[in-house]
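Trainee: Could you show me how to read the features of a protein model, one at a time?
Mentor: Gladly; let us look at the model together.

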Amino acid sequence: MTTRLADIAAQAGVSEATVSRVLNGKPGVAATTRQSVLAALDVLGYERPVRLRQRSEGLVGLITPELENPIFPALAQVIGQALTRQGYTPVLATQTPGGSTEDELTEMLVDRGVAGIIYVSGLHADTTADMQRYDRLRAQGVPYVLVDGFSPKVQAPFISPDDRAAMTLAVTHLVSLGHTRIGLALGPKRFVPVQRKIEGFVRTVQDQLGLAPDEIESQLVQHSLYTLEGGQAAAMSLMDRDCTAIVCASDMMALGAIRAARQRGFEVPRDISVVGFDDSPLIAFTDPPLTTVRKPVPAMGQAAVRTLLEEIGGTPAPHSEFVFMPELVVRGSTASAPGDRTRS
């Protein structure tokens, strides 16, 4: 122990007595000196004492499902910048197929003494998942905020886009262009954002086109994966049902829908219109530029950070959902409905 104190003192440029005071949580040490000692512990590979880990110098975990979809790096950048401006250090933890699970990443972050965790599109969005994992985290004294998804079983602040309104914006735009056969391509039904998009889609199509809800959901809604290939497969099915326009639940799926249309020999938007969701970076520069519903990423990311820091500071945010309004961005992938057309 004496050798360890000497090493840490030399690394931090302070006395061994000062190191001892910091490690034992004693008062009378300047904040900058305390930070130097803790940094020396990290540099030398020593684990921080448990009591100090819980008072970590501003580490905040951010868990995302993946980074291949550009909307997740965009959201991570907003959250990371907002945390940095407040003096916190973001720690990005990403799930990958066959890699670490959300629970494993959570345990890793807690072991490192993070001050709090922000979850993006996590298990809180999956209606089949066990929500008790979040109760256990709360019992450990770790504040957290949940982005993109909602569960009444979890007493925590949620940050979401208005998925129902997003579908209303997309469908209203397509109906105004003369489309009467509009399909919806989205992910597995067990996810809350998917269920909400279906609700908004069905309600708007019913109101504006007079179709029965059962017919809409059975004929015009196609579940797939949130990938380019998933969008391509869903679009193929919807085109088989004579849809002249397709609303997709992500920009990646929309790019897959455009590829599917071209494989059928159709031109976008002359023969079929496509609407995305997210307004991911660079999506304005696709061919054609994608009409999409813009997810309010800056507002959502900043709200997530502000809410978490209130929790960390001892002023818990209301255990409710903060919902942000999306925006329709019209570009080149939508146009008037085609006239008579013979489909292959």
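The dialogue below goes through domains, helix packing, an aromatic pair and some backbone features.

Trainee: What kind of model is this, and how are its residues numbered?
Mentor: This is a predicted model, in which local features need pLDDT of at least 70 and side-chain atom pairs count only at pLDDT 80 or more, while totals for chains, interfaces and linings use all residues. Residues are numbered from 1 along each chain as its sequence is written, and side-chain values use heavy atoms, with hydrogens and water left out.

Trainee: Which domains does the domain assignment of the protein chain give?
Mentor: Domain bounds come from an automatic or database domain assignment. Here that assignment gives domain 1 (5-52), domain 2 (58-161 + 296-324) and domain 3 (163-295). The centres of domain 1 and domain 2, taken over C-alpha atoms, are separated by 30 Å.

Trainee: How do I read the packing of two helices, and at what angle do α5 and α13 pack?
Mentor: Two packed helices are described by the angle between their axes and the distance between the axes. Helices (H or I, at least four residues) and strands (E, at least two) are DSSP runs, numbered from the N terminus. Axes are lines fitted to C-alpha atoms, for helices over the stretch in contact, and angles run from 0 to 180 degrees between N-to-C directions. In this structure, helix α5 (residues 71-85) packs with helix α13 (residues 297-312) at an angle of about 45 degrees, the axes being 9 Å apart. That makes α5 oblique to α13, since angles under 35 degrees count as roughly parallel, over 145 as roughly antiparallel, 65 to 115 as roughly perpendicular and the rest as oblique.

Trainee: Which residues of α5 and α13 meet?
Mentor: Contact means heavy atoms within 4.5 Å. On the α5 side the residues include Ile-71, Ala-74 and Leu-75, and on the α13 side they include Val-297, Pro-298 and Gly-301. By class, the contact of α5 with α13 has eleven nonpolar, two polar and no charged residues, where Ala, Val, Leu, Ile, Met, Phe, Trp, Tyr, Cys and Pro count as nonpolar, Asp, Glu, Lys and Arg as charged, and the others, Gly among them, as polar.

Trainee: At what angle do α6 and α7 pack?
Mentor: Helix α6 (residues 102-111) and helix α7 (residues 132-139) have axes 12 Å apart and an angle of about 5 degrees. That makes α6 roughly parallel to α7. The contact is made by Glu-102, Asp-103, Thr-106 and Val-110 of α6 together with Arg-133, Tyr-134 and Leu-137 of α7, and these divide into three nonpolar, one polar and three charged residues.

Trainee: How many aromatic pairs does a search of the whole structure find?
Mentor: Rings of Phe, Tyr and Trp (its six-membered ring) pair if their centres lie within 6.5 Å; planes under 30 degrees apart count as stacked, over 60 as edge-to-face and the rest as tilted. The search finds four such pairs. One of them is the edge-to-face pair of Tyr-119 and Tyr-134, with 5.5 Å centre to centre and 85 degrees between the planes. Tyr-119 lies in strand β3 (residues 116-120) and Tyr-134 in helix α7, so the pair ties together parts that are 15 residues apart in sequence.

Trainee: Where is Pro-269 found, and what kind of peptide bond joins Val-268 and Pro-269?
Mentor: Pro-269 is in the loop between α12 (251-263) and β9 (273-278), and the bond joining Val-268 to Pro-269 is cis, with omega about 10 degrees. The Asp-287 to Pro-288 peptide bond is cis, with omega near -5 degrees, and Pro-288 sits in the loop between β9 and β10 (291-294).
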